[in-house]
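Here is a short report on one protein structure. Look at the sequence and the 3D view first, then read on.

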Amino acid sequence: MKRIKSPSPQSNNRLRRNVLLILVGLLLAPGALAAGADQTQYLSSPDAVPKGLSTSDWAGIRAAYQAHRHEAVLVKGVYRARNPEQQWRTEFDGLGFMTEPDAGGWRWGLELKSYGFPGHKHAVESKASPEAQGNRVTYVRDAVLSEWFVNDSRGLEHGFTLKEAPAGADEPGAELDFDFAVRGSLRPEVASGGRALRFLDEQGGSVVTYSELKVWDAEGKELPAHFVVQPAGVRLRVASDGARYPITIDPLAQQAYLKASNTEADDLFGYSVAISGETVVVGAFSEDSNATGVDGNQSDNSAVNSGAAYVFVRDGTTWSQQAYLKASNTEADDYFGFAVAISGETVVVGALYENSNATGIDGNQSDNSAGFSGAAYVFVRDSTTWSQQAYLKASNTDADDQFGFAVAISGETVVVGAYGEDSNATGVDGNQSDN
């Protein structure tokens, strides 16, 4: 009789992993999970928990699936990782990294050339042997410095851990430098007061942002740091006086870093966001301009807290602002942009503190006798041009109803929430008059 060999622990682990990935693929795919010969579970969203699984089990399965989608894989002696959200792939060759979009058009990367304090720089000359675990790749540069990368849905996190103080750390006021060569075809530009870099294509479009720079020491104290563009590349400079080692340096590379075309203090750009396909809409309910409609004058800030919304579009991997949206009846303290939603070519913007006493669709906007009643505005896109299509009010407009506190859209249907509305009706189309 032939003896059947028991699978090794490693084989069992591979089998469990493959079964897990097949299961997760079924669960996350639109549609269904086969739960038996004659039973199918339909999931309303990836956040819905299938029957028979606990919330924690489902969270673990989803985390494993995401890690697999972003993991680094050894291909012909080089680790490579794809990023579905950023639509690019990165290669780690032991010297640095090189990122290229799925559609091509540019290549970009960084290569550490030296680090340390002025007069005591340590040159990085040898190629590291990359070590990969899931979606994390590590270069052990020497006994002091490790360089590491985490590829996930946010982008490519690129960090360093400096285990102990390099030579020159005890000199008063000395600043710790990391010097990089820029790989590929993109040109660096300092942004956000030195806290970020933008990498531009030949047309001057921002293709990649290298931002969210954070540096901290062993006690969790944040250390001031900034970028400098130099003829030979870029420098990251850290003010490390009084720091306790190890020090961690942690910026993040992403496809886009979005800011308003009229950025100002306290506008709260980003309070609400929504995305559909290649289009993002961002609300800034405390923006102050008195403009009305689409792409009006942004420079007159006489309508404090009137609010605005901004539309951005992606072409390949390049993002640009396509429209600046304001209400057709802009007034101070309306909070236009408190809520935003988008579906295809249509955007809905809520202004919960708008004051008109109009009811229904496209009513009279000029009578402000219903303070904080709220409104919602519908904008549509024709090619690249946006225009306001409708001005929405409740059928039972009353002061303080805050209609527009929440908005949502799917295809041809818009839903608007009015969380301060007062009627005692129940169900659908009940009596709206008893408050």
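A polar contact is a pair of N or O atoms within 3.5 Å; within protein, one must be able to donate a hydrogen and the other to accept it, and residues adjacent in sequence count only if both atoms are side-chain atoms.

**About the model**

This is a predicted model: local features need pLDDT of at least 70, side-chain atom pairs count only at pLDDT 80 or more, and totals for chains, interfaces and linings use all residues. Residues are numbered from 1 along each chain as its sequence is written, and side-chain values use heavy atoms, with hydrogens and water left out.

**N305 in its loop**

N305 sits in the loop between β21 (279-284) and β22 (308-315). Strands such as these are DSSP runs of E, at least two residues long, numbered from the N terminus. The side chains of N305 and D333 make a polar contact of 3.3 Å.

N305 has a relative accessible area of 19%, so it counts as buried (under 20% relative accessible area, 1.4 Å probe, protein chains only). Beyond its neighbours within four places in sequence, N305 is in contact (heavy atoms within 4.5 Å) with residues including F285, D333 and Y335.

**Strand β13 and its partners**

Of the 10 residues in β13, 7 are buried. Two strands pair if DSSP finds at least two bridges between them. β13 pairs with β7 (residues 108-116) in the antiparallel sense over 8 bridges. The bridge partner of E111 in β13 is A181.

β13 also pairs with β18 (residues 233-239), antiparallel, over 6 bridges. Here L176 stands opposite V238 in β18.

Key:
Helices (H or I, at least four residues) and strands (E, at least two) are DSSP runs, numbered from the N terminus. Buried means under 20% relative accessible area, exposed over 50%, partly exposed in between (1.4 Å probe, protein chains only).
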